[in-house]
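Please view the sequence and the structure together with the text.

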Amino acid sequence: MPLLKPDLRAALHRSMGADLGMFEHALEQPPPVSIRLNASKPTGDQGEPVPWCATGRYLTERPVFTLDPCFHAGAYYVQESSSMILEPVFKATGLSGKRMVALDLCAAPGGKSTHLRSLMSDDSLLVCNEVEPKRAHVLQENLWKWGHPNVVVCNAQPDRFTHLQEAFDLILVDAPCSGEGLIRKDAYAMEQWTPALVRECELRQQRIIDTIWPTLRPGGFLIYSTCTYEACENEEQIERILSDHDAEHVAISGLEELGPVRGKNGIGLRCLPHLVRGEGQFMALLRKEGEWNERTAVNATHAPKPVDDPVLPLLVRPDELDFRLRREVWFAAPASHSAFIDRLVHATDPIAPGVPVAEGKAKQWRPHPALALSRLLDTSSVPVIPLNTQDALRYLRGEALRASQATGFALMTLSGLAAGWAKGAGNRWNNHWPDPWRIRMR
């Protein structure tokens, strides 16, 4: 760990006071390695539990995740443990098990998005947004591999959501910040840090909150988080929201003995690497004034008849889905949320208004790569080819696999997990694992 820059050290001293020495000692230790398991794709338990996350695990060493087929099949997400305090914060909303629509506004690369989707009820809808196009595609890939069907991905500026007044039951703002909490793991986080960056982030966070607040339903919740130690980006932001908006702070209980500490004036939770087995994280929960009522299902507005080819019979309960065609791709989403998705499409033009299930190629339809990884797929309806570790890695590199009298599409499974498609061509299976996802490492 390089020495702290003088101006950064001064800022951290203002934030931590006498704890700065212990903090600097913690920065000299190797960062912990943690993952979050995907309960819908079990591969066995491993590691030591993260105290505040039921599916979080600490690993004793960092494996080469790129060469683990289970990683590519969405069996787990590599995530910093402190950010997993999203779980107790979400539970404090009382929305567990309730039907809802949530927005993750600054969602890439998808760690908190996949976690939030796992915490929500199956009949809820999660809208994930990322402003930067390249990061939005990474977010999309991670959500598709996670496999939950009730997800929409947007690539929109926050002000595009202003057309959806009082639309969301929960909004997660993992705000762009000065990144001090990452300096142990990421040298660039310290390189880029300046007082000017802190001020820039503070103002940007204010704009984001002021823009998105009207889209929260009365009685709904906003989760605000950063990975910085700056009070002006954390507790003071929350105090400003409480002053400027119809909001109240919600305390998170039962975590004191597990590590996260109260922020300034008792606002939010702070994870500090000398007190927590993890990196820096701040998270706070706010509730919008008013009475909240659980959503009811709304009938579909579109007939679920996208294609007359073999793709539709591959789906679990297709009669409960609504379909939209976008650039030669059929997307499936829950019919019970179709009216809301119509509004969302009009306001933000999502890049993925559901899970892609079929794509047009050479005037023919074929199953989309995301369908193979999704809970929408009825695996009993397709031929399944189990791959050993060696063939799995060959498949993930994009290579064709040997076969005998192979025809049609088949589902490749890695360690028992559905992963991707291959098309039979006699003595080989032609690879349909997407090129951007392929392993380049040897």
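The report treats a sheet with its helix, and then some backbone features.

The model is predicted, so local features need pLDDT of at least 70 and side-chain atom pairs count only at pLDDT 80 or more, while totals for chains, interfaces and linings use all residues. Residues are numbered from 1 along each chain as its sequence is written, and side-chain values use heavy atoms, leaving out hydrogens and water.

Five strands form an open sheet with mixed pairing, in the order E18-E20-E21-E22-E19. Strands are DSSP runs (E, at least two residues), as are helices (H or I, at least four), numbered from the N terminus; two strands pair if DSSP finds at least two bridges between them. Strand E18 (384-387) and strand E19 (401-406) each have a single partner strand and stand at the edges, so one side of each lacks a neighbour in the sheet. On average, neighbouring strands of this sheet are turned by 45 degrees against each other, direction ignored. Helix H12 (residues 389-396) packs on the sheet and touches E18, E19, E20, E21 and E22; contact means heavy atoms within 4.5 Å. Strands E21 (residues 417-424) and E22 (residues 426-431) run antiparallel and are joined by three bridges. Ala-422 stands opposite Asn-431 in E22.

Two residues other than glycine have a positive phi, as tabulated here.

| Residue | Phi |
|---|---|
| Glu-328 | near 65 degrees |
| Ser-415 | about 50 degrees |

Glu-328 lies in the loop between strand E14 (321-326) and strand E15 (329-334), and Ser-415 in the loop between E20 and E21. A cis peptide bond joins Ala-108 and Pro-109, with omega about 5 degrees.

Technical notes. Axes fitted to C-alpha atoms, helices over the stretch in contact; angles between N-to-C directions.
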